[in-house]
Amino acid sequence: MKNLIIASTSTIHGSDYLEYIKEDIKQLFNNVEDVVFIPYARPSGISYNAYTNIAAKAFGSMGKNLQGIHTFKNPKDAIKNANGVFVGGGNTFLLVNELYQEGLIDILKFKIEEGMPYLGTSAGSNICGPTMKTTNDMPIIMPQSFITMGVIPFNINAHYLDPDPKSKHKGETRETRIKEFHVFNDTPVLGLREGSWLEVKNQSIILKGTLTARLFNKKGLPIELEPLTNIAEKFTQ
């Protein structure tokens with residue numbers, strides 16, 4: 001049994017932190033009072049404490065207690081004993097590096113597959129796929145491996161952007177980068193646009209929000225998936 005929210009971002013324009021998925025988060029952690037927060041991705045390089053304070057304020061408004069994993073004496077035990085986990089966004093290379101250094105990848109995957117509620121945003125969503133190879137982040141540090149949890153059967157490209165026909169920018173688009181990935185890799189990739197998220201329950205993976213998502217495979221053209229599509233069915237046909 002799996003019970004996850006995998007969100008492209010923590011904050012959409014004009015909204016407070018986690019506000020746009022607040023009701024879904026409350027439902028995800030309905031039976032959980034205390035949530036362990038993993039701040040390792042450190043957006044903009046902020047400290048673990050500063051990042052945890054931001055997340056704790058949002059969770060406090062939902063009646064939940066949130067504690068940063070860095071405050072536990074033993075991070076492995078913190079995850080083993082956790083009733084719910086939130087992994088925030090930031091730099092995926094840094095996040096994965098720290099997860100490997102602390103020996104948490106396999107423990108976190110085991111807990112998720114056992115049914116522990118999990119919320120991931122941005123970098124915290126990227127680690128749900130088989131690898132982190134389709135992140136948009138700069139490689140500011142070299143992790144032990146690019147292999148991540150693989151609790152869903154495709155990679156995430158969070159913050160997916162469509163080409164702007166009016167833009168004068170001539171650099172590579174997100175679609176181009178994903179095509180480059182598929183020259184050497186077979187794993188499907190889901191371009192998850194801002195304000196969209198995945199609701200993973202048991203064997204279903206439902207696209208939530210008002211926007212479509214773009215599913216890339218090594219062969220064939222990308223597919224636009226409508227909201228409420230069960231993406232898991234694309235991998236059982």
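Aromatic pairs come to nine in this model, which is a predicted one, counting rings whose centres lie within 6.5 Å of each other. Take the pair formed by Phe 154 and Phe 235: the ring centres are 5.5 Å apart and the planes meet at 20°, so the pair counts as stacked, given that planes under 30 degrees apart fall into that class. Where do the two residues of this pair lie? Phe 154 belongs to the loop between α6 (123–126) and β6 (155–158), while Phe 235 is in the segment after β11 (223–225), so the pair ties together parts that are 81 residues apart in sequence. The two partners also have their own burial values: Phe 154 is buried, with 0% relative accessibility, whereas Phe 235 is partly exposed, at a relative accessible area of 30%.

Staying with the rings, Phe 29, Phe 37, Tyr 51, Phe 59 and Phe 86 are linked by ring pairs into a cluster, and, as a charge-over-ring case, Arg 42 lies over the face of Tyr 48, 5.6 Å from the ring centre.

Turning to the chain as a whole, I would note seven helices and 11 strands. Its radius of gyration is 17 Å, close to the 18 Å that the globule rule gives for 237 residues, so the protein chain is as compact as a globular protein of that length. The C-alpha trace spans about 45 × 35 × 35 Å along its principal axes, and buried residues make up 51% of the 237 residues. Finally, among contacts with a separation of 6 or more, 68% are between residues 24 or more positions apart, and of the accessible surface, about 11,700 Å², 50% belongs to carbon and sulfur atoms.

Note on methods. Residues are numbered from 1 along each chain as its sequence is written. This is a predicted model: local features need pLDDT of at least 70, side-chain atom pairs count only at pLDDT 80 or more; totals for chains, interfaces and linings use all residues. Side-chain values use heavy atoms; hydrogens and water are left out. Rings of Phe, Tyr and Trp (its six-membered ring) pair if their centres lie within 6.5 Å; planes under 30 degrees apart count as stacked, over 60 as edge-to-face and the rest as tilted. Helices (H or I, at least four residues) and strands (E, at least two) are DSSP runs, numbered from the N terminus. Buried means under 20% relative accessible area, exposed over 50%, partly exposed in between (1.4 Å probe, protein chains only). A charge sits over a ring if NZ of Lys or CZ of Arg is within 6 Å of the ring centre and within 35 degrees of the ring normal. The radius of gyration is taken over C-alpha atoms; the globule rule is 2.2 Å times the number of residues to the power 0.38. Contact means heavy atoms within 4.5 Å. Accessible areas come from the Shrake-Rupley method with a 1.4 Å probe; for residues, only the protein chains shown count as cover.
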